[in-house]
Amino acid sequence: MSRPPAPTSAPDSTASAWHWTCSHRSPSLFGDAEDPPTDDVGEKMVLTAIRQTYQHIGRAAPNGVRARYHVSIPLGRGLGASAVARVAGVVAVNEFERGAMDEGQMLDIASELEGHGDNACPALFGGMQGGVQAADGHYLRADCKYPQDAAMAILIPDHSMPTKEARKALPEQYSKADTVHNTGRAALFVAAMASGRNGTAGGSDRRSHPPAAGARPLPAAVRCLRCGAWRARARGLAERAGSSVAAICPEGQSREIAAAMLATAEAQGYSGRSLVTRIAREGATISKVELV
């Protein structure tokens, strides 16, 4: 029983709304033979996603499933590497089962596997996405427009902090004033990106609070976010994702901003690297199906 290797390509996302592109593939092989164990963390996530997706759709998984995880996105940095793996597993099952799920079902499953839809949504659909979990548990999403020349400058510290762990460092409640402040700037950011009014994007002055009692302290990324002079040249949004920082900026200034972000972190005694990328318009795709 070997309908495909079903390679899937799922570009990744930073935090909740944008999608960055790197070269990565996640081939999956379905067959009758028992699958050998793997020690690769990414491959384990793909395989777990495949098995849990079969449970969701109420079908028996093949006895033998193998996966390969060729992804250049670092794990544990809040950049969505786990979302890429899980989306790859969900999309591979849907292909192998000849379209057993619609887009909404795939988003629900991938988001549930992730624990939230922030990274799963753009990994699945590409572009810049806005999404929420509805009261009935399903995930809703909408494509967001953005300037054609938008680039992303990303600071990736050497220390890790997955998105889930970073969220635990935040308090459970916010004041009314902070809630109004943050909600208004989130709405302004989406509107500014859609209209191209970059100077009014205003998303980077979001109010936050010290870590919750007993939580791991927030990493260097937060300090870089607060004190970096490079923020004035970003396109109105600079946000932390796990231990990383991502800034949407004009393409012509992206390398300068990325270098300034890294310099800010290094000046505070932290090591890491920076990179520049573009928002990927295409989400997860099946690149090839082979019968073997």
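Visitor: Why does Gly283 count as buried?

Guide: In this predicted model, Gly283 has a relative accessibility of 6%, and since buried means under 20% relative accessible area, the residue counts as buried. Gly283 sits in the loop between strand 11 (272-278) and strand 12 (285-286), and its C-alpha atom is separated by 9.9 Å from that of Val87, 196 residues apart along the chain.

Visitor: What makes Arg68 and Glu43 a salt bridge?

Guide: The closest N and O atoms of Arg68 and Glu43 are 4.0 Å apart, and the rule asks for a side-chain nitrogen of Lys or Arg within 4 Å of a carboxyl oxygen of Asp or Glu, so the pair is listed as a salt bridge. Because Arg68 lies in the loop between strand 5 (64-67) and helix 2 (81-96) while Glu43 lies in helix 1 (residues 41-57), the pair ties together parts that are 25 residues apart in sequence.

Visitor: Which of the words buried, partly exposed or exposed applies to Arg68, and which to Glu43?

Guide: Arg68 has a relative accessible area of 40% and is therefore partly exposed, whereas Glu43, with a relative accessible area of 11%, is buried, the cut-off for buried being under 20%.

Visitor: How do you know that Glu103, Arg141 and Asp143 are linked in a network?

Guide: Glu103 forms a salt bridge with Arg141, with the closest N and O atoms 3.6 Å apart, and this pair links distant parts of the chain, Glu103 being in helix 3 and Arg141 in strand 7 (residues 139-144), 38 residues apart. Arg141 also forms a salt bridge with Asp143, where the closest N and O atoms are 3.0 Å apart. Both distances fall within the 4 Å limit, and Arg141 takes part in each pair, so the three residues are linked in a network of salt bridges. Asp143 is exposed at a relative accessible area of 57%, while Glu103 at 48% and Arg141 at 30% are partly exposed.

Visitor: What makes Arg141 count as lying over the face of Phe125?

Guide: Arg141 is at 3.6 Å from the ring centre of Phe125, and the distance part of the rule asks for CZ of Arg within 6 Å; Arg141 is accordingly listed as lying over the face of that ring.

Visitor: Why is Asp108 said to have no salt bridge?

Guide: The nearest side chain of opposite charge, Arg141, is 10 Å away from Asp108, and because a salt bridge needs a separation within 4 Å, the buried Asp108 has none. Asp108 lies in helix 3 (residues 103-114) and touches His138 and Tyr139, not counting residues up to four places away in sequence.

Methods
Residues numbered from 1 in each chain as written. Predicted model: local features only at pLDDT ≥ 70, side-chain atom pairs only at ≥ 80, totals over all residues. Heavy atoms only, no water. Lys NZ or Arg CZ within 6 Å of the ring centre and 35° of its normal. Helix = DSSP H or I, 4+ residues; strand = E, 2+ residues; numbered from the N terminus. Buried < 20%, exposed > 50% of the residue type's maximum accessible area, 1.4 Å probe, protein only. Lys, Arg positive; Asp, Glu negative; His and termini not counted. Contact = heavy atoms within 4.5 Å.
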